[in-house]
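Please look over the sequence and the model before reading on.

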Amino acid sequence: MAEGVKNTLSMLADKKNIYTLNAYDHSDDISKEINDLIEQLDPNQKTLIFTDLFGGSVNLEITRKMMSDKAMIIAGFNLAIILECLYLSDEDCNEQNLLNLIDQAKNQMVLVNSYFKSRG
């Protein structure tokens, strides 16, 4: 997740274990940047990873290196789903609950112009 999203989350949530990767800001070696990030993570703790584009270079590299029972990767996100996920307990951080949160996040996306036109 990018630094701007982290800054917003820091204002809205009191969480300390949020890490960011600003891909390609400082180098062209995304693999090294991801390895550096992985070294900061606790391998015994569940990790939620948010990437911008499914199938993008960051998503593919993260998936290759991090896909496991301890790491859940969500491609495509909005601020609402991250906030919801920040407050999940380890027990509630499971595939079914994450799928439900993804469905909710999809439904929160609205073309406001059309929404108000349909309301008359």
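## Salt bridges and a cavity

K65 is partly exposed, with a relative accessibility of 24%. This is a value from a predicted model, as are the others in this report. K65 forms a salt bridge with E61, and the closest N and O atoms of the pair are 3.3 Å apart. Both residues belong to helix α3, where E61 and K65 are four residues apart, or about one helical turn.

E61 also meets R64 in a salt bridge, with an N to O distance of 2.7 Å. These two residues are three positions apart in helix α3, which covers residues 57-66, and about one helical turn separates them. Together, E61, R64 and K65 are linked in a network of salt bridges.

E61 has a relative accessibility of 14%, and it counts as buried because the cut-off for buried is under 20%.

A further salt bridge joins the side chains of D36 and K32, at 2.8 Å from N to O. D36 and K32 both lie in helix α2, which spans residues 30-40, and they are four residues apart, about one turn of the helix. D36 has a relative accessible area of 32% and is partly exposed. K32 is likewise partly exposed, at 46%. The count of salt bridges comes to three, and they are set out below.

| Salt bridge | N to O distance | Helix |
|---|---|---|
| D36 and K32 | 2.8 Å | α2 |
| R64 and E61 | 2.7 Å | α3 |
| E61 and K65 | 3.3 Å | α3 |

How many cavities of 30 Å³ or more does the structure hold? There is one. The largest cavity contains about 50 Å³ of space.

Its lining is made up of A80, I81, E84, L101, Q104, A105 and Q108. Two helices, α4 (79-86) and α5 (95-107), each supply at least two residues of this lining. By residue class, the lining of the largest cavity has four nonpolar residues, two polar residues and one charged residue.

Terms used
Residues numbered from 1 in each chain as written. Predicted model: local features only at pLDDT ≥ 70, side-chain atom pairs only at ≥ 80, totals over all residues. Heavy atoms only, no water. 1 Å grid on protein atoms, 1.4 Å probe; cavity = no way out; pocket = protein on both sides within 12 Å on 5 of 7 lines; lining within 4 Å. Points joined across faces, edges and corners; volume = space filled by probe spheres on them. Nonpolar A, V, L, I, M, F, W, Y, C, P; charged D, E, K, R; others polar. Salt bridge = Lys/Arg side-chain N within 4 Å of Asp/Glu carboxyl O. Buried < 20%, exposed > 50% of the residue type's maximum accessible area, 1.4 Å probe, protein only.
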